[in-house]
Amino acid sequence: MSTTVSLPEYTEAYQAQQRQQVLDAEVIYEWECVLRSQDKHLMPWFMAGFFTLLYGLFYYLSPYVIFFYMWACSVAIFSPVSYFLFDVDYDYKGQITPKGIIVQKTERVPEIFYKATRGMAYFGIGVCLIAGLMMGPLAFVGAGAFALLSFKMTGFHKQSEVEVFPFSENHHYRLVISKVNDLYQWDIYMFLCDVPDFINTSLYEFHLVDFECKRSDFPEIENILKRYIQISD
């Protein structure tokens, strides 16, 4: 005779209680890796090309030499910014506990770069304002993208994200993805499994087990996971 496992009620209290259990539990195993996009090296070229076309067009329509200086400032600032911050690398850390998995992603950018970026952003805002006063509304149109991005950059700080994946006890997990993820430059292994019983409820996403690791670390991580959850293909 088969037994049916009742589904928990998905409430804010339930989510908080499940997450806290994971955070309070003993860490059995942890690993680290770096997530870096395969296409990261293309971003500075894209930004340089974008600003070359933008200021080239406005110089063609209105040949003020200030556009050349604005182009040089834009490329000098936003090319490195796009490399470090628009397509940011992450230091990735995973921890397995008997109650679930904790994943922390931290932007892999030196703090001095954030300080320099904020300083250059204020400089960029000043350039836009001076150009507008000298040449009128046309300059504001040409510098619009630069100004908006500059204001955004003034608040740049290193960011960390923490995700908690509580294990669903007494439920079977189903393997969804287990392969090398070609989005990243190194052999980063992607793993994802879900609970089929939860497919029509909000519990589904809450109890996913989803993480990345080095390919070489995965066999040991998989063996430890199978101590706490039942996984079927």
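**View 1. Strands β2 and β3 pair in the antiparallel sense over eight bridges.** Two strands count as paired if DSSP finds at least two bridges between them. Helices (H or I, at least four residues) and strands (E, at least two) are DSSP runs, numbered from the N terminus. With two residues between them, β2 and β3 form a hairpin. T97 has G100 in β3 as its bridge partner. The model is predicted: local features need pLDDT of at least 70, side-chain atom pairs count only at pLDDT 80 or more, and totals for chains, interfaces and linings use all residues. Residues are numbered from 1 along each chain as its sequence is written, and side-chain values use heavy atoms, with hydrogens and water left out.

**View 2. The open sheet has four strands in the order β1-β2-β3-β4, with antiparallel pairing.** Its edge strands, β1 and β4, each pair on one side only. Neighbouring strands of this sheet are turned by 15° against each other on average, direction ignored. Strands β1 and β2 run antiparallel and are joined by seven bridges; C33 has Y92 in β2 as its bridge partner. Seven bridges also join β3 to β4 (residues 160–166), again antiparallel, and the partner of I101 in β4 is F165. Strands of a sheet pair through backbone hydrogen bonds, either parallel or antiparallel.

**View 3. Strand β3 (residues 100–107) is mostly covered.** Seven of the eight residues of β3 are buried. Buried means under 20% relative accessible area, exposed over 50%, and partly exposed in between (1.4 Å probe, protein chains only). For the chain of 233 residues, the buried share is 44%.

View 4. E30 lies in β1 (residues 29–35) and K93 in β2 (residues 90–97), 63 residues apart. A salt bridge is a side-chain nitrogen of Lys or Arg within 4 Å of a carboxyl oxygen of Asp or Glu. E30 counts as partly exposed, because its relative accessibility is 41%. K93 is also partly exposed, with a relative accessible area of 28%. The whole structure holds six salt bridges.

**View 5. R174 and D194 meet through their side chains in a salt bridge (2.6 Å, N to O).** This pair links distant parts of the chain, with R174 in strand β5 (residues 172–180) and D194 in strand β6 (residues 188–194), 20 residues apart. Is D194 buried or exposed? D194 counts as buried, because its relative accessibility is 0%. R174, at 29% relative accessibility, counts as partly exposed.

**View 6. K226 forms a salt bridge with E222.** The closest N and O atoms of the two residues are 3.7 Å apart. K226 is partly exposed, with a relative accessible area of 47%. E222 is partly exposed too, with a relative accessible area of 25%.

View 7. Among contacts between residues at least 6 apart in sequence, 73% join residues at least 24 apart; contact means heavy atoms within 4.5 Å. The chain exposes about 13,300 Å², and carbon and sulfur atoms supply 58% of this area. Accessible areas come from the Shrake-Rupley method with a 1.4 Å probe; for residues, only the protein chains shown count as cover.

How values were computed
Axes are lines fitted to C-alpha atoms, for helices over the stretch in contact, and angles run from 0 to 180 degrees between N-to-C directions.
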